[in-house]
Amino acid sequence: MAERAPHGAVASQRHDGILVLTIDNPPVNALSADVRRGLADAIQAAQDDASVQAVLLVGAGRNFIAGADIREFGKPPQPPALPDVCNAIEASAKPVVAALHGAALGGGLEIALAAHYRIALPGARLGLPEVNLGLLPGAGGTQRAPRLAGAAAALDLMLSGRHASAEEALSLGLVDRLDSGADALAAGLAYARELLAQGAAPRRTRDATAALADRAAAQAAIDAARAQVEARARGLFSPAKIIDAVQAALDQPFDAGLRTERALFLQCLDSPQRAGLVHAFFAERETAKAPETRAAQPRPLERLGVVGGGTMGAGIAVAMLDAGLPVVMVEQDDAALARGRARVEQVYDLLIKKGRLDAAGKAERMARYRGATSYDALADADLIVEAVFEDMDVKTAVFAALDRVAKPGAVLASNTSYLDIDRIAAATRRPADVLGLHFFSPANIMKLLEVVVGGRSAPDTVATGFELARRLRKVPVRAGVCDGFIANRILAVHRQAAELMMEDGASPYQIDDAVRAFGYPMGPYQMTDLAGGDIGWATRKRRAATRDPQLRYVQIADRLCERGWFGQKTGRGFYLYPDGARTGTPDPEVLAIIDAERQRAGITPRAFDQEEIQRRYLAAMINEAANVVREGIALRPLDVDVAFLYGYGFPRHRGGPMHYADQVGLPRILADIREFAPQDPHFWKPAPLLVELAESGRTFASLNHA
Ligand code: 3HC
Ligand code: NAI
């Protein structure tokens with residue numbers, strides 16, 4: 001690790017004939033205007049100073065440079081531009097060495113590629129992750145990376161956005177040498193001295209030819225990448241531009257290639273996808289900073305417990321085991337416990353089959369798993385997640401039992417989907433230790449964790465929930481208590497919008513198509529079939545007594561469930577799954593059932609086009625989300641965005657429903673709702689917050705920083 005420089009964003013220090021430039025812009029040395037200016041000035045000074053023989057670039061703190069300053073995107077550009085800084089480094093008449101440790105990402109790697117020699121330390125992470133922000137490497141990366149690593153490797157890095165290790169970077173030709181130490185300055189100085197001793201001259205990446213010498217191979221790699229992007233990019237803008245830029249690296253002289261890259265970069269920068277993806281980047285970092293995480297320290301988290309070994313209990317146990325923690329699972333009896341353990345093992349066996357885990361990995365995890373049928377086994381647990389049946393009486397009995405056995409200070413969490421955390425907490429003598437931890441299915445895979453804060457949850461209980469999320473590598477979102485919290489509450493409403501459209505004339509297949517065309521990986525009826533129609537059916541039956549009688553209740557899904565058509569697992573649901581197929585095909589019998597239901601309800605079907613389906617689905621989502629924000633169930637609009645990105649696969653390049661609403665314009669969304677209201681006035685009630693913001697010309701984003 002290099003020392004932090006004593007002053008300035010870029011500090012200059014002389015080590016004999018070597019001018020060391022230390023980039024020092026906490027927390028990650030992003031290339032802000034100050035850093036760019038500092039680098040440009042220092043490189044110029046090095047040219048003018050006859051006593052400087054070589055320049056060494058290092059980063060202060062934990063990273064070399066994590067990239068362009070993402071906060072500057074969308075603001076007026078400030079000189080010098082990053083490509084100019086890179087070009088000035090490359091043009092230096094004196095050798096420039098970059099010593100890389102920690103993150104060397106995006107513009108950070110582009111600076112390094114413009115240097116003449118590169119050395120990397122263990123643990124360095126090199127990558128061009130711009131694609132994740134809707135961009136392409138815009139400071140020469142698309143031209144220099146292929147010249148060093150070849151078209152195939154450069155495209156792989158740029159299209160995946162993944163980080164390569166120092167060792168991989170060496171094998172790809174992105175760096176020249178590895179160091180085994182921990183001091184970037186020392187490693188860089190030693191390398192620079194060695195180069196000077198050898199009389200090494202500047203060696204410019206722009207002049208490198210070997211990696212692209214086999215033009216046919218490079219063209220084949222570009223063609224293959226283009227075919228893959230066309231098949232998989234689901235409407236994303238920047239991947240195709242990345243390929244165009246690499247094509248330019250192959251076809252055009254270096255300076256022309258840079259101009260092509262610049263033009264493509266600016267197109268990406270201006271795209272709404274870039275704005276959506278950058279919003280998502282910051283939003284998901286913000287949600288982790290709930291007020292309780294500032295106000296209190298998390299309690300210890302060494303030993304964990306799970307009550308219930310069903311779908312969720314088993315998935316949660318796997319998530320905990322994967323994080324290296326010991327887990328006790330409690331079930332009702334030996335048979336249920338055996339099933340619970342089998343569910344856990346099944347996950348690992350499948351991973352072994354796919355080659356993503358070995359037998360030793362499974363054994364190591366299972367060694368930390370213990371099953372029990374007595375609550376006494378939870379006496380040592382620091383945190384216990386309850387995942388039993390969704391029934392208030394069962395849950396309160398479990399919490400009363402946990403209250404008897406859990407040690408003082410243990411955090412007691414419920415994974416309930418809808419039930420009132422405060423009532424569950426009231427079953428104990430320690431409601432301050434109780435909160436909701438709402439995982440999404442499959443719990444070992446889905447990233448979202450709603451941390452549900454009850455009326456009496458203590459701040460350190462809540463902070464412990466956030467700490468658990470961090471340990472499990474989940475994305476936590478703070479939620480208040482209400483029926484369904486953030487994600488399920490809003491889901492119920494826009495699913496209802498879909499049901500209404502279906503009864504009014506849209507087929508489930510049209511609705512799924514429209515939702516996929518918006519960018520979701522699957523539509524709502526495909527999701528029902530995947531999760532199992534019986535789950536929603538049970539919920540509907542449970543809630544039948546409390547349903548608002550003024551709301552239209554569409555019975556189509558019930559008709560399918562009554563026939564035992566629960567989706568994929570039963571071979572048919574809204575779709576047919578012949579012979580265990582994983583993708584469904586439309587079912588004429590389902591369409592006939594829908595027709596019969598329309599007749600029963602006295603509805604004459606009408607046509608819906610894709611645009612109207614999308615408008616209704618999203619307007620319903622945004623409207624209920626506005627209620628969730630106004631009631632304080634979500635702290636800010638961005639919390640809703642993150643919940644939807646990670647809970648339900650809302651297309652990330654659209655930033656989340658609230659960001660999307662701002663982009664469309666809140667007056668437009670409000671006008672849609674008012675247009676739909678006459679048909680179903682009980683369903684389409686404009687949310688007061690939406691009205692207030694739309695009529696005062698404000699945005700949801702204005703509430704993110706309040
Ligand atoms: N610009 C501005 N701020 C940044 C940043 C960047 N490039 N990268 C990270 N930050 C901020 C984060 O917002 C966060 O701020 P906060 O504390 O106020 O919330 C802080 O730095 C720490 O970030 P993380 O919480 O993510 O810290 P980690 O240690 O977990 O991860 C990292 C560090 C791997 C560097 C990760 O932050 C990351 O992946 N950053 C983005 C890297 C990236 O996308 N670079 C490309 C930028 S685009 C570009 O370079 C365009 C060029 O081609 C022209
Ligand atoms: P499940 O029916 O698959 O599993 C429940 C398990 O709890 C069963 O194995 C049962 O034997 C066990 N159990 C019941 N009473 C018990 C007791 N007193 N002590 C110990 N074990 C007991 O149910 P599932 O789907 O896992 O749901 C569990 C909870 O998670 C519910 O509250 C549900 O609402 C919630 N949830 C479910 C999601 C899903 O997609 N299935 C998603 C998020 C939350």
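## Shell of ligand 1

The shell around ligand 1 divides into 13 nonpolar, 4 polar and 8 charged residues. Here Ala, Val, Leu, Ile, Met, Phe, Trp, Tyr, Cys and Pro count as nonpolar, Asp, Glu, Lys and Arg as charged, and the others, Gly among them, as polar. In total, 25 residues surround ligand 1. A residue is near a molecule if one of its heavy atoms lies within 4 Å of it. The closest are Ala68, Glu110, Glu130, Arg285 and Lys289.

Two helices, H3 (107-114) and H11 (272-286), each supply at least two residues of this shell. Helices (H or I, at least four residues) and strands (E, at least two) are DSSP runs, numbered from the N terminus. H11 gives the most to the shell around ligand 1, with 3 residues.

## Basis of the model

This is a predicted model, in which local features need pLDDT of at least 70, side-chain atom pairs count only at pLDDT 80 or more, and totals for chains, interfaces and linings use all residues. Residues are numbered from 1 along each chain as its sequence is written, chains are lettered from A and ligands numbered from 1 in the order in which they are written, and side-chain values use heavy atoms, with hydrogens and water left out.

## Polar contacts of ligand 1

A polar contact is a pair of N or O atoms within 3.5 Å. A polar backbone atom of Ala66 lies 2.9 Å from a nitrogen atom of ligand 1. The side chain of Glu110 places an N or O atom 2.7 Å from an oxygen atom of ligand 1. Lys289 has a polar side-chain atom 2.7 Å from an oxygen atom of the ligand.

On its own, ligand 1 has 990 Å² of accessible area, and the protein covers 77% of that. Accessible areas come from the Shrake-Rupley method with a 1.4 Å probe.

## Shell and contacts of ligand 2

Ligand 2 is surrounded by 22 residues, with Met312, Glu331, Glu390, Lys395 and Ser417 the closest. This shell divides into 10 nonpolar, 9 polar and 3 charged residues. H16 gives the most, with 3 residues.

A polar backbone atom of Thr311 is 3.1 Å from an oxygen atom of the ligand. For Val388, the backbone distance is 3.3 Å, again to a ligand oxygen atom. From the side chain of Asn415, an N or O atom lies 2.9 Å from an oxygen atom of ligand 2. Taken alone, ligand 2 exposes 830 Å², and the protein buries 81% of that.

## Cis peptide bonds

The peptide bond from Pro26 to Pro27 is cis, with omega near 5°. Pro27 sits in the loop between strand E2 (18-23) and helix H1 (33-48). The bond from Pro79 to Pro80 is also cis, with omega near -5°. Pro80 belongs to the loop between strand E3 (54-59) and helix H2 (82-91).

## Positive phi

Asp16 is not a glycine, yet has a positive phi of about 55°. Its place is in the loop between strand E1 (10-15) and E2. Asp16 is exposed, with a relative accessible area of 61%. Buried means under 20% relative accessible area, exposed over 50%, partly exposed in between (1.4 Å probe, protein chains only).

Asp579, not a glycine either, has a positive phi of about 55°. Asp579 lies in the loop between strand E18 (575-576) and strand E19 (585-586). At 84% relative accessibility, Asp579 counts as exposed.

Key: A polar contact is a pair of N or O atoms within 3.5 Å; within protein, one must be able to donate a hydrogen and the other to accept it, and residues adjacent in sequence count only if both atoms are side-chain atoms.
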